[in-house]
Amino acid sequence: MTEWTRICTLEDIPVLGSRRVERSTGLDVAVFRNSQDEVFALLDRCPHKGGPLSQGIVFGTSVACPLHNWTIGLCDGQASAPDEGCTPKFSVKLEEGLVYLNAAELQNHGTDLVRPIAGPKPRPTTAA
C-alpha cells in the first residue's frame, strides 16, 4: 500500500507556477500547477545544466527551464526534442484540494543527484 505525505493545498501552488519541497537528503522537489489545476512533481533540477525548474514558466504540461529555456515535460521529466535528458518525476495525488507526494519516493528518489556547480572549472593547483 502506498503511503502519501501531505505537502500543501492546491491553492498554495500558484497557477502556472510551482512550490519547492525541501528534503533532508538530495535536491528539493518542485511541485507544479498548470492552468487546468493539474499537479505534477519533478526533481528541482533541469537535466541540461541543473537549472532550478521551480523558477521556470509552466505552460500546458511543460515547464521552461529559466537558464536556457529547455522545455521539460511535467508528466515524465523528459526534455523536448531536439534536447535530450530527463529529470526524475515524483508521484502526486490531489485529493479534496490537498496535494500529496509518494512518501517513499520523497524519501529516496533522486537523493544521489546533485546540482552542477556553475562557473568555470577550477584550475589545478601547482606546488611551488
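1. Basis. This is a predicted model: local features need pLDDT of at least 70, side-chain atom pairs count only at pLDDT 80 or more, and totals for chains, interfaces and linings use all residues. Residues are numbered from 1 along each chain as its sequence is written, and side-chain values use heavy atoms, with hydrogens and water left out.

2. Overall make-up. The chain has ten strands and one helix. Helices (H or I, at least four residues) and strands (E, at least two) are DSSP runs, numbered from the N terminus. Read from the N terminus, the order is β-β-β-β-β-β-β-β-β-β-α. Along the principal axes, the C-alpha atoms fill a box of roughly 65 × 30 × 20 Å.

3. Burial and surface. The chain has 128 residues, and 40% of them count as buried. Buried means under 20% relative accessible area, exposed means over 50%, and partly exposed lies in between (1.4 Å probe, protein chains only). The accessible surface of the chain is about 7,700 Å². Carbon and sulfur atoms hold 49% of that surface. Areas come from the Shrake-Rupley method with a 1.4 Å probe; for residues, only the protein chains shown count as cover.

4. Contacts along the chain. Take the contacts with a separation of 6 or more: 45% of them join residues 24 or more positions apart. A contact means heavy atoms within 4.5 Å.

5. The four-stranded sheet. Here the strand order is S2-S3-S4-S8, in an open sheet with antiparallel pairing. Strands S2 (17-21) and S8 (89-90) stand at the edges with a single partner strand each, so one side of each has no neighbour in the sheet. Two strands pair if DSSP finds at least two bridges between them.

6. Strand S3 and its partners. S3 covers residues 29-33, and five bridges join it to S4, residues 39-43, in antiparallel fashion. S2 is also joined to S3 by five bridges, again antiparallel. For orientation on the model, arginine 19 stands opposite valine 31 in S3. Phenylalanine 32 has phenylalanine 40 in S4 as its bridge partner. Arginine 33 stands opposite valine 39 in S4.

7. Burial of S3. How many residues of S3 are buried? Five of the five are, so the strand is largely enclosed by the rest of the structure. Both faces are covered. Val29, Val31 and Arg33 are buried on one side, and Ala30 and Phe32 on the other.

8. The S3-S4 turn. S3 and S4 form a hairpin with five residues between them. Aspartate 37 sits in this turn and has a positive phi of about 60°. Aspartate 37 also belongs to a network of salt bridges with Glu11 and Arg33.

9. Salt bridges. Side chains of opposite charge can pair when their charged atoms come close. The rule used is a side-chain nitrogen of Lys or Arg within 4 Å of a carboxyl oxygen of Asp or Glu. By that rule there are six salt bridges.

10. Around arginine 20. Arginine 20 forms a salt bridge with aspartate 28 at 2.9 Å, N to O. Arginine 20 also forms one with glutamate 22, where the closest N and O atoms are 3.7 Å apart. Aspartate 28 is buried at 16% relative accessible area. Arginine 20 is partly exposed at 44%. Glutamate 22 is exposed at 62%.

11. Lysine 93 and glutamate 95. These two side chains meet in a salt bridge at 3.9 Å, N to O. Lysine 93 is partly exposed at 25%, and glutamate 95 is partly exposed at 38%.

12. Charge placement. The chain carries 12 positive and 15 negative charges, and their mean positions are 10 Å apart. Lys and Arg count as positive and Asp and Glu as negative; His and the chain ends are not counted. Each charge is placed at NZ of Lys, CZ of Arg, CG of Asp or CD of Glu.

13. Histidine 109. Where does histidine 109 lie? Its place is in the segment after helix H1 (103-108). Histidine 109 is partly exposed, at 31% relative accessible area. Leaving aside residues up to four places away in sequence, histidine 109 touches Arg23, Pro88, Lys89, Phe90 and Ala104. Threonine 25 is 84 residues away along the chain, yet the C-alpha atoms of histidine 109 and threonine 25 are separated by 9.9 Å.
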